[in-house]
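Here is a short briefing on one protein chain. Keep the sequence and the model open while you read.

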Amino acid sequence: MSTRKEQTRQEEEEKQLASQELLHQREQQQSINKALDETKNNIRRTADEARKDIPRYTQIVNEYQEETIQAARQMADNYLESQREIINSVQSAWLPQIEAANRAVTSNWTSPRHVTEHYARLVSAFADNTIAVTRLVNNAVFANLETFKTSVQTARDNVKEFSRIGVNSAKTLEQVSRETTTAAVTTTTFSP
């Protein structure tokens with residue numbers, strides 16, 4: 001009878017020990033879950049703060065584009081204005097003599113007026129090209145932004161996949177561990 005009482009007491013102690021271990025595991029699990037939830041909330045808060053900066057970044061890019069276009073236009077305007085002043089000075093001083101000499105020697109195609117018109121078209125084409133180059137640079141910047149966006153999305157997808165692999169590995173480890181523990185307990189219980 002004493003062995004029966006002893007066996008019952010031992011079983012109760014084992015149950016109590018198992019219960020304490022289970023309670024300890026739950027506490028650890030809750031502690032881990034709490035830490036992970038706090039980390040998740042911190043990441044969410046940081047992402048929200050970063051999202052608030054997007055309008056500022058958009059404004060900076062818009063201002064950069066506007067300043068670049070404005071600078072290109074001002075450079076072209078300044079250059080054209082200086083050329084106008086130079087041409088007007090030269091024309092007023094030399095035009096009558098050159099036209100008189102041209103009439104006497106050649107046809108009208110070498111006239112300073114025609115040369116001036118061709119030069120003005122050349123300068124206009126230069127200004128158009130400057131604005132086109134600015135547009136190309138802006139397009140390149142936006143293409144790089146798209147590439148960066150794609151790489152961020154790829155990184156996000158890869159991290160998600162790595163996380164899934166980690167979870168599956170942990171579940172497999174948990175299952176193998178439980179099966180090993182069950183097999184060990186079964187072997188210990190039924191051993192003579």
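Of the 192 residues of the protein chain, 8% count as buried. Buried means under 20% relative accessible area, exposed means over 50%, and partly exposed lies in between (1.4 Å probe, protein chains only). This is a predicted model, where local features need pLDDT of at least 70 and side-chain atom pairs count only at pLDDT 80 or more, while totals for chains, interfaces and linings use all residues. Residues are numbered from 1 along each chain as its sequence is written, and side-chain values use heavy atoms, with hydrogens and water left out.

**Overall fold**
- The protein chain has 3 helices and 0 strands. Helices (H or I, at least four residues) and strands (E, at least two) are DSSP runs, numbered from the N terminus.
- Along the sequence the pattern reads α-α-α.
- Take the contacts between residues at least 6 apart in sequence: 60% of them join residues at least 24 apart. Contact means heavy atoms within 4.5 Å.
- The chain exposes about 16500 Å², and carbon and sulfur atoms supply 58% of it. Accessible areas come from the Shrake-Rupley method with a 1.4 Å probe; for residues, only the protein chains shown count as cover.

**Nonpolar patch and a buried threonine**
- Tyr64, Val133, Leu136, Val137, Val141, Phe142 and Leu145 make a nonpolar surface patch of about 600 Å². Patches are made of residues with over 30% relative accessible area and no salt bridge; like charges are joined within 9 Å, nonpolar side chains (Val, Leu, Ile, Met, Phe, Trp, Tyr) within 5 Å.
- Helix 3 (residues 112–190) gives the most to this patch, with 6 residues.
- Tyr64 lies in helix 2 (residues 54–105). Tyr64 counts as partly exposed because its relative accessibility is 38%.
- Thr134 is placed in helix 3. Its relative accessible area is 9%, so Thr134 is buried.
- Beyond its neighbours within four places in sequence, Thr134 is in contact with Thr68, Ile69 and Ala72.

**Largest pocket**
- The volume of the largest pocket is about 430 Å³. The search uses a 1 Å grid over the protein atoms alone; a pocket is an open set of points where a 1.4 Å probe fits, with protein on both sides within 12 Å along at least five of seven lines, and lining residues have an atom within 4 Å of a point. Grid points are joined across faces, edges and corners, and a volume is the space filled by probe spheres set on the points.
- The lining includes Leu22, Gln25, Arg26, Glu174 and Arg178. Helix 1 (2–52) and helix 3 are the elements that give two or more residues to it.
- Helix 1 gives the most to this lining, with 8 residues.

**Salt bridges**
- The structure holds 7 salt bridges. A salt bridge is a side-chain nitrogen of Lys or Arg within 4 Å of a carboxyl oxygen of Asp or Glu.
- Asp48 and Arg51 meet at 2.8 Å, N to O. Both lie in helix 1, 3 residues apart, about one turn of the helix. Asp48 is partly exposed at 35%, and Arg51 is exposed at 51%.
- Glu81 and Arg84 meet at 3.4 Å, N to O. They are 3 residues apart in helix 2, so about one helical turn separates them.
- Glu174 pairs with Arg178, the closest N and O atoms being 2.8 Å apart. Both lie in helix 3, 4 residues apart. Glu174 is partly exposed at 40%, whereas Arg178 is exposed at 56%.
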